[in-house]
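Hi there,

Here is the structure I promised to pass on. My notes on its pockets and core follow below it.

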Amino acid sequence: MTVKIVAMLKALPGLSREDFLRYWQEEHPPLVWQLPGLRAYRQNPAIEHRKSWPYDGMAELYFDTVDDVRTAFASPQVEPLHEHEKHFLDTIDWFIATETTVEPAGDARK
């Protein structure tokens, strides 16, 4: 069973969207990929909209087991990751989840 961390991200107040995305999408991934046991990493930036979203993006970090998550976040590789987050993140709300694909039942797609 694969598990993932789902992290809801809020940018630092006053940080431009361009700077937020540069920190997150260009500078941050090499640090994330240093985590032992990481299988996949996905970023989901919020689309700019006429209203303000509660979060600026969502990240997904995939691991084989919850124990692998514990090992990764107890490793020395996590310190530079957290230090870098101070440059662009105000808050991170997260949880560990499994993923379920839901297929349409009967004629649900009609």
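In the counts by class here, Ala, Val, Leu, Ile, Met, Phe, Trp, Tyr, Cys and Pro are nonpolar, Asp, Glu, Lys and Arg are charged, and the others, including Gly, are polar. On that basis, the lining of the largest pocket has 15 nonpolar, two polar and one charged residues. Please keep in mind that this is a predicted model.

That largest pocket holds about 290 Å³ of space. Its lining numbers 18 residues, with A7, L61, F73, E85 and I92 nearest the centre. Two or more lining residues come from each of strand 1, strand 3, helix 3, helix 4 and strand 4 (89-97).

The second largest pocket has about 240 Å³. R17, A46, E48, W53 and D56 lie closest to its centre, out of 15 lining residues. By class, this lining has seven nonpolar, three polar and five charged residues.

On to the core. The largest nonpolar core has 22 residues, and W24, L35, L61 and F63 touch the most other members. Strand 1 (3-11) gives two or more residues to this core, as do helix 1 (17-27), strand 3, helix 3 (66-74) and helix 4 (78-85); strand 1 has the largest share, at five residues. Beyond its sequence neighbours up to four places away, L61 touches residues including V3, I5, L35 and F73.

One more residue to look at is E60, in strand 3 (residues 57-63). Is E60 buried or exposed? E60 is buried, because its relative accessible area is 9%, under the 20% cut-off. Its side chain makes a polar contact of 2.7 Å with that of K4.

Enjoy exploring!

Notes: Residues are numbered from 1 along each chain as its sequence is written. This is a predicted model: local features need pLDDT of at least 70, side-chain atom pairs count only at pLDDT 80 or more; totals for chains, interfaces and linings use all residues. Side-chain values use heavy atoms; hydrogens and water are left out. Helices (H or I, at least four residues) and strands (E, at least two) are DSSP runs, numbered from the N terminus. Buried means under 20% relative accessible area, exposed over 50%, partly exposed in between (1.4 Å probe, protein chains only). A polar contact is a pair of N or O atoms within 3.5 Å; within protein, one must be able to donate a hydrogen and the other to accept it, and residues adjacent in sequence count only if both atoms are side-chain atoms. A nonpolar core is a set of buried Ala, Val, Leu, Ile, Met, Phe, Trp, Tyr and Cys residues joined through side-chain atoms within 4.5 Å. Contact means heavy atoms within 4.5 Å. On a 1 Å grid over the protein atoms alone, a cavity is a set of points where a 1.4 Å probe fits but cannot get out, and a pocket is an open set with protein on both sides within 12 Å along at least five of seven lines; lining residues have an atom within 4 Å of a point. Grid points are joined across faces, edges and corners, and a volume is the space filled by probe spheres set on the points.
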